[in-house]
Amino acid sequence: MRRSFAPWVKPDAKPLIRFENVTKRFGDSTAVDHLSLNIFEGEFFCLLGPSGCGKTTLMRMLAGFETPTKGTITLGDQNLAGVPPYRRPVNMMFQSYALFPHMSVEKNIAFGLKQDGMSKDQIADRVGEMLRLVQLEKLARRYPSQLSGGQRQRVALARALAKKPKVLLLDEPLGALDKKLREETQFELMDIQHELHMTFVVVTHDQEEAMTMADRIAVMDHGRIVQVATPGEIYEQPKTRFIAEFVGDVNIIEGHVQGQENGLWRVKTSSAAVPLTIDDPDEVLHSGQAVAIAVRPEKMVIQRDPPGPSAINVLTGEVWDIGYLGDWTVYRVKLATGEILRVTRANASRFVENPIEWDEQVYVTFAPDAAVILAE
Amino acid sequence: MTDRTLTRRLSAGLVPAVPYLWLGVLFLVPFLIVLKISLSDPAVAQPPYKPVFEWSDIAGFFSALDFENFILLTEDDLYFRATISSVRIAAVSTLLLLLVGFPIAYGMARAPERYRALLVAAIILPFWTSFLIRIYAWVAILKPEGLLTQVLVAIGLISEPLDILNTETAVYIGIVYAYLPFMVLPLFATLEKMDDTLLEAALDLGSTPWRSFWTITVPLAMPGIIAGSLLCFIPAVGEFVIPDLLGGSETLMIGRQLWSEFFSNRDWPLASAVAILLLIVLVVPIVIYRDVEARRLEAHR
């Protein structure tokens, strides 16, 4: 049922949050640069980018802590310009959690509800509900200083969810957790979001986190959005070299377009003797154009025996490094040009007869549709 | 046992002993002497009280001690009124200091970081001038034809000279002026450490800036508020110079009473009894504070 959720492809769908041509400057530096973006109701939306790309500023403008220098932000039918943070139907989970140290867990969760003038019984019910949701019933009377990092994270989440905001903002929600806990919490966040039918906007620099949780990801760089797409599209059809390199591992082979044959692009490179054949029909290219070919490591095949004469996209080199990761083995293959390719192979069986060793001469091949052409 | 562990053991025992030694020699021993004098009787002699301690007649010495002076303190309501008046003046001054000091400390904590050291220096700068001179300067400012009257007449706010000097108002002005750094610095220290995102979180959860101030800033500044208040209240209760120079004859304060018993009446035993009374008045709030603090820490554990 989750798979059919894609309001952004429906032309008549009305977005919940609209950034229109938003710019934010701090003195001379531009944090967000003429940015437009639509986020739909019920979406789990990730803002992904390296630090300093403007993703946090974008979120803080939505929460009301920063005012756009130019442009408008609308939530539903409401223009948010001039609306102070305490009047926005938006709640935020802070990166540092920002739990009130002088209040117990339940007081922290009740804080926002009290501001709305709810009755005591209603508040108690809602706090109980939130504590159950994040499984912290037993710790209601503890103070933040008496909790572990993971428990604090849950309190922060419960506090931000308690008011049932239209949009929940999460600033690096899992940044302070260790790896195992982070993975568990990722799935929990997804479950909670699904259960509450709330719109989540997450800021993260961790591509794995974004890929796991998001319905759509907006990749940001230098205050602009480079691509907004589903995790699959971002990974398999990155628009730019920056995205290809930022999200996952990738091998980049530079070359020049030679022409098109049977709908396939032929690209001449210094890495391979024969021009490479790439199946990327959406690209509009002209002969002689400088391009980069991006191939994910798991889409390359490494072998010791020479492929047949009809094989295409064959690169030769020697094994420079082997990294055994358990589920995968990573081979770093050095080509004659000095370029190093990263090729991974799933360890599908427990024993491999005569495995590829260091310094061996190997052949690396990939299918035409395994690669993406990125125009420079 | 090697030499090294011996040294370590010795130093581990000696280092904590230093503050105890200090307190013992410079506080406990003088306190016991004052306590002893307060239990003695005045005498025309050198020193002006008896009995004087002698090893030869310890039993006779102890039997000559009595609570006469303390009984006298309860019989003459002057001392009671002076104590109440001192506590009242100190309490009102502390409240005024909080009202004046909190915005200053808050402003300092919110100032850009590069100015903060400068602002702290500005707060303690008056200490470079003698306390006595600064209080004398207030005499010149507050007297009927003084600077304050001149300025206010010049800008047309008043036509008659102000009659502030030698009133309780002047004492409040003097105490607030002189003690302000002791209020501002501890407040600044706690406010500066405060995490700004807590206020953002409060705003985000729907609390107005004003309510956030009362529900987040003030409770978290409580250690600073308490420390600053104690640092001001305790010395203000026993303050002598400010009420003597700025206050009128009707400004009753225990410090002045103590001074006159000592120097005008030359009644050392009674003066000592007043000193002990003052100490009790001052120790009680500290004990209460310690108790509250201990309970707060307990609650967080």
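Predicted model: local features only at pLDDT ≥ 70, side-chain atom pairs only at ≥ 80, totals over all residues.
**Notes on the two-chain model**

1. What do the two domains share by way of contact? Six residues of domain 1 of chain A are in contact with six residues of domain 2 of chain A. On the domain 1 side, the residues that touch domain 2 of chain A split into two nonpolar, two polar and two charged.

2. Some overall numbers for chain A. The C-alpha trace spans about 80 × 50 × 40 Å along its principal axes. Of the 376 residues of chain A, 38% count as buried. If you take contacts in chain A between residues at least 6 apart in sequence, 65% of them join residues at least 24 apart. The secondary structure of chain A comes to eight helices and 20 strands.

3. Now the sheets. One open sheet in chain A has five strands, ordered β13-β12-β11-β14-β20, and the pairing is antiparallel. Its edges are β13 (276–278) and β20 (371–375) of chain A, each of which pairs on one side only. Ignoring direction, neighbouring strands of this sheet are turned by 45° against each other on average.

4. Inside that order, have a look at β11 (residues 251–261) and β14 (residues 290–295) of chain A, which pair in the antiparallel sense over six bridges.

5. Which strands are at its edges? On the β5 side, β4 (residues 70–75) of chain A and β5(A) pair in the antiparallel sense over two bridges. Here A:Leu75 stands opposite A:Gln78 in β5(A).

6. On to the interface between the chains. How many residues are in contact? The count is 18 residues of chain A with 15 residues of chain B. On the chain A side, β6 (90–93) and α2 (105–115) each supply at least two residues. The most comes from α2(A), with three residues. By class, the side of chain A that touches chain B has 10 nonpolar, six polar and two charged residues.

7. For chain B, the annotation is from a record: an unreviewed UniProt entry lists residues 20–39, 87–106, 118–139, 170–191, 212–237 and 268–289 under "transmembrane region". Two of those spans can be set against the model. Residues 170–191 of chain B are 100% helix and 0% strand, with the end C-alpha atoms 30 Å apart. Residues 268–289 of chain B also come out at 100% helix and 0% strand, and there the end C-alpha atoms are 32 Å apart.

Definitions and conventions: Residues numbered from 1 in each chain as written. Chains lettered and ligands numbered in written order. UniProt positions renumbered as here; feature names shortened; annotations may be inferred. Helix = DSSP H or I, 4+ residues; strand = E, 2+ residues; numbered from the N terminus. Contact = placed C-beta atoms within 7 Å. Nonpolar A, V, L, I, M, F, W, Y, C, P; charged D, E, K, R; others polar. Buried ≥ 20, exposed ≤ 12 C-beta atoms within 10 Å, placed from the backbone. Pairing = 2+ DSSP bridges. Axes fitted to C-alpha atoms, helices over the stretch in contact; angles between N-to-C directions.
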